[in-house]
Amino acid sequence: MIRMLTLALLCAMLPCSIAPAADPALASIRPAGTFEIHGKLAGQPFWARVLAADAKFNHHRVMQLVYTPPAADILAGARLFDCPFVLVDSHACIVAWNGRDSLSQVVPGAPNGYAVTRELHTGEGDGASTTSDKRTIRGERGFDLHLAPLSIALTWGPDTTGDVAVVDLFGGRWKEGLRASWKGAEVTIAGDGYTVAADDQGQLARLVDARGMACIEIDGWTVTK
């Protein structure tokens, strides 16, 4: 409950503290109610519950995520908790990131962008210690680089198009002006091309690269209410 209230407090900052998504016509998360989605992300099992939009979160949606975070060497030394609460807008763009039992957090920046705290581990054994550093990322709201395949899975449809910022919130590419875009089955994330394989319901089932390797595979969707 305390962790959910923390997100609610963060939302109180939103109206003047973060720029809107680049394209107001960008596809929205489907379905509109609470649902669960599971499969593999970057080859590892994941599960997520996306709650319905809630007024106490400024009409944004909480995603309760369980996954295998990228390794610290991929995140420029940062460590992420494996079951964060991620606040997203209706287009699956990141609004805030509650790392729960970790120092890694994201809150809206001022006047836009993000204020990020990263948990860092130094040393080994008895000399190990946990510290943190902070970074300010300016610009528009967008997908997290490493969750971008999931964000696209939540919003993609065969007749949709998209063009949205991608931000490496915790990693080393945070100063780059990355983007994700799609039209039909063709998807680009941070300059890399992918192809969507859809299921019988017209939802994203797999997102594969030029070598046929899937960066995300969806095994099922369950609408809970």
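Accessible area here is computed by the Shrake-Rupley method with a 1.4 Å probe. By that method the protein chain exposes about 10,500 Å², and carbon and sulfur atoms supply 54% of this area. The model is a predicted one.

The chain has 225 residues, and buried residues make up 49% of them. Its secondary structure comes to two helices and 16 strands. Contacts between residues at least 6 apart in sequence can be sorted by how far apart the partners lie along the chain; 54% of them join residues at least 24 apart.

In soluble globular proteins, nonpolar side chains tend to be buried together. In this model the largest nonpolar core has 53 residues, and the residues with the most contacts inside that core are Phe143, Leu169 and Ile216. Helix α2 gives the most to this core, with five residues. A second, separate core has six residues, among them Val62, Phe85, Leu87 and Val95.

Helix α2 spans residues 148–155 and is mostly covered, with eight of its eight residues buried. The buried residues run from Ala148, Pro149, Leu150 and Ser151 to Ile152, Ala153, Leu154 and Thr155. An α-helix has 3.6 residues a turn, so residues three or four places apart point the same way. In α2, burial takes in every one of the eight residues.

What does Thr155 touch, leaving aside its neighbours within four places in sequence? Thr155 has its place in helix α2. Its contacts include Ala27, Ser28, Ile29 and Arg30. Thr155 is also in contact with His91, Ala92, Thr160 and Trp182. The relative accessible area of Thr155 is 1%, and buried means under 20%, so Thr155 counts as buried.

Val116 counts as buried because its relative accessibility is 1%. Leaving aside neighbours within four places in sequence, Val116 is in contact with Gln105, Val106, Asp133, Lys134, Arg135, Ile137, Leu169 and Phe170. One of these partners, Leu169, is among the residues with the most contacts inside the largest nonpolar core.

Charged residues come next. Side chains of opposite charge can pair when their charged atoms come close. The structure holds nine salt bridges. In one of them, Arg49 pairs with Glu36, and the closest N and O atoms are 2.9 Å apart. This pair links distant parts of the chain: Arg49 is in strand β2 (residues 44–50) and Glu36 in strand β1 (residues 35–41), 13 residues apart. Are the two partners buried or partly exposed? Arg49 has a relative accessible area of 26% and is partly exposed, whereas Glu36, at 18%, counts as buried. Apart from residues up to four places away in sequence, Glu36 touches Trp47, Ala48 and Arg49, along with Gly220, Trp221, Thr222 and Thr224.

Asp54 forms a salt bridge with Lys56, with the closest N and O atoms 2.8 Å apart. Asp54 is partly exposed, at a relative accessible area of 24%.

The side chains of Asp89 and Arg141 also meet in a salt bridge, at 2.9 Å from N to O. Asp89 lies in the loop between β5 (85–88) and β6 (94–98), and Arg141 in the loop between β9 (129–137) and β10 (142–144), so the pair ties together parts that are 52 residues apart in sequence. Both Asp89 and Arg141 are buried. Elsewhere, Glu140, Asp163 and Arg179 are linked in a network of salt bridges.

The cysteines are the last topic. A disulfide is a covalent bond between the sulfur atoms of two cysteines. How many disulfides are there when a pair of cysteine sulfur atoms must lie within 2.5 Å? The count comes to zero. Cys83 counts as buried because its relative accessibility is 18%, and Cys215 counts as buried because its relative accessibility is 15%.

Notes:
Residues are numbered from 1 along each chain as its sequence is written. This is a predicted model: local features need pLDDT of at least 70, side-chain atom pairs count only at pLDDT 80 or more; totals for chains, interfaces and linings use all residues. Side-chain values use heavy atoms; hydrogens and water are left out. Buried means under 20% relative accessible area, exposed over 50%, partly exposed in between (1.4 Å probe, protein chains only). Helices (H or I, at least four residues) and strands (E, at least two) are DSSP runs, numbered from the N terminus. A nonpolar core is a set of buried Ala, Val, Leu, Ile, Met, Phe, Trp, Tyr and Cys residues joined through side-chain atoms within 4.5 Å. Contact means heavy atoms within 4.5 Å. A disulfide is a pair of cysteine sulfur atoms within 2.5 Å. A salt bridge is a side-chain nitrogen of Lys or Arg within 4 Å of a carboxyl oxygen of Asp or Glu.
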